[in-house]
Amino acid sequence: MWRDADFRRLWVGQTASQLGEHTTLVVLPLFAVLTLDAGAGQLGVLRAVGQAPVLLLSLLAGAWVDRWRARTVMVLTDAGRAVALGAAAVAGLLGLLGLPALFVVAFTVGALSVLFDVAYQASLVRMVRRDQLVRGNSALEGSRSAAQIGGPALGGALVSLLSAPVATASGALFFAVSFLSLRRIRRHEAVPPVRGEHPERAPRIRHRIHEGLRFVAGNPWLRAVCLASAAFQFSLAATMTVYLLFLPRELHLPGATVGLALAATGPGALLGSVLAARLPGRFGHGAVLVSAAVLGNGALLCVPALHGSSTATVLALLAVNFVFGAFSQLVNVTVMTVRQAVTPDGMQGRAAATITFVGMGLTPLGSLLGGFLAQEWGLRAGLLVAAAGMMLSPAVMAASPLVRLGRRLTL
């Protein structure tokens, strides 16, 4: 696979895009908290605005991607995100980047990210053989792990040491690099026929969306993935909203240290990507999914017990985030492999979008809940409650057909 020039271009472009996305996910909230002195409620709204496109656009994105070339979608969305963040950087340098502008930028970047994420998942299936999916997903998810290493640390350092506009401009630069790499893919990408479609008459978009929903709802494994993902993403959104307030305000950590702590999920996720290529085939996909979710999500329950900004506290944060990153990534890659294995080519975009819609559609509400918990219950108690909610995800998987998946995906 690494000798395939087009796969390398996809990998480089996806890596740069993910690095830009993870940098931006830290830069915008830190800019709001540290520079604009945003309160808990305002930070919850900012994060909810950035996540709202998942609820509003995921199903449409799936229907569109199944009708378009994935490369075209990725190139256009990278260009759009580079322009949006570049404009935000200029506005910041001129002193015009306030909370309303941050809301607009967060929504725009979030909307384009929904399209990109659905498209790159569909592009891999159209580029490699089915027996290469595990290795391809491991490579792409490994690059996302690398982005998790560099993105938060770079974003936190730039906001802390330089300025928010410079940090915002770095995100635009990464999206521009991805744009240039993906444009160089030469392989002709044939759009797969949509299941049930008459060759001379494309079905309406509403019909395609409904077909995707019906396919996922009718598949017991994908249905369980949706429910477990919804529980996880809702609780994670609430947890991260309180978390981004807890580190600088309760533990009194500077922006660069916050970025470093968050970046520790990256090396863990890199390890998780490597383990995902080995453990499911050794211990069974179901056993790996449930046990990894318990260990990864449970690690965050340790954070509310931390006090102060000592070296021991920072090391504990690094350890917690490393464990969370490793086991969460192991779950992510395994779930993606299951989803791709049971889904026909012409349904890949809509299946991915439907799971994204159900799984992440509640994240805006989760962010708002996190802001409410921090504001009404306090940062420490709010973080404990939100982190405890993340244990719902492994409970859902343990009660579903996913737990019975063996070493081979014979579905």
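Leaving aside neighbours within four places in sequence, L102 is in contact with L28, F31, A32, L36, L46 and L97. A second, separate core of 25 residues includes V225, L289, V338 and I355. L102 is itself one of the residues that touch the most other members of the largest nonpolar core, together with Y243, L247, V303 and L317. That core holds 53 residues, and helix α8 gives the most to it, with nine residues.

The model is a predicted one. The secondary structure of the protein chain consists of 17 helices and zero strands. Of its 411 residues, 57% count as buried. The accessible surface of the chain comes to about 16500 Å², and 66% of this area belongs to carbon and sulfur atoms. Among contacts between residues at least 6 apart in sequence, 89% join residues at least 24 apart.

A search of the whole structure for aromatic pairs returns one. The pair is formed by F232 and F324, whose ring centres are 6.5 Å apart; the planes meet at 20°, so the arrangement is stacked. Because F232 belongs to helix α8 (residues 220–250) and F324 to helix α13 (residues 311–342), the pair ties together parts that are 92 residues apart in sequence. Both partners are buried: the relative accessible area is 12% for F232 and 10% for F324. A further contact that involves an aromatic ring is found at F116, where the charged end of R81 sits over the ring at 4.8 Å from its centre.

Helix α6 (residues 164–183) has 20 residues and reaches 29 Å from its first C-alpha to its last, close to the expected 28 Å. The buried residues of α6 include A164, P165, A167, T168, F174, F175 and L182. S170 is also located in helix α6. Its relative accessibility is 11%, so S170 counts as buried, the cut-off being under 20%. Beyond the neighbours within four places in sequence, S170 is in contact with T23 and L158.

Helix α12 (residues 285–299) has 15 residues, and the distance from its first C-alpha to its last is 21 Å, close to the 21 Å expected at 1.5 Å a residue. The buried residues of α12 are H285, G286, V288, L289, V290, A292, A293, G296, N297 and A299.

A263 is found in helix α9 (residues 255–263) and counts as buried, at 6% relative accessibility. A263 and N321 are 58 residues apart in sequence, and their C-alpha atoms are 7.9 Å apart in space. R8, in helix α1 (residues 5–35), is partly exposed, with a relative accessible area of 37%. The C-alpha atoms of R8 and L182 are separated by 9.6 Å, although the two residues lie 174 residues apart along the chain. L182 is one of the buried residues of α6.

Two loop positions complete the description. L96 is placed in the loop between α3 (70–93) and α4 (99–127). With a relative accessible area of 60%, L96 is exposed. Not counting residues up to four places away in sequence, L96 touches A91 and A101. H252 is placed in the loop between α8 and α9 and is likewise exposed, with a relative accessible area of 57%. The phi angle of H252 is near 60°, a positive value in a residue other than glycine. Most residues other than glycine have a negative phi.

Note on methods: Residues are numbered from 1 along each chain as its sequence is written. This is a predicted model: local features need pLDDT of at least 70, side-chain atom pairs count only at pLDDT 80 or more; totals for chains, interfaces and linings use all residues. Side-chain values use heavy atoms; hydrogens and water are left out. Rings of Phe, Tyr and Trp (its six-membered ring) pair if their centres lie within 6.5 Å; planes under 30 degrees apart count as stacked, over 60 as edge-to-face and the rest as tilted. Helices (H or I, at least four residues) and strands (E, at least two) are DSSP runs, numbered from the N terminus. Buried means under 20% relative accessible area, exposed over 50%, partly exposed in between (1.4 Å probe, protein chains only). A charge sits over a ring if NZ of Lys or CZ of Arg is within 6 Å of the ring centre and within 35 degrees of the ring normal. The expected span of a helix is 1.5 Å times one less than its number of residues. Contact means heavy atoms within 4.5 Å. Accessible areas come from the Shrake-Rupley method with a 1.4 Å probe; for residues, only the protein chains shown count as cover. A nonpolar core is a set of buried Ala, Val, Leu, Ile, Met, Phe, Trp, Tyr and Cys residues joined through side-chain atoms within 4.5 Å.
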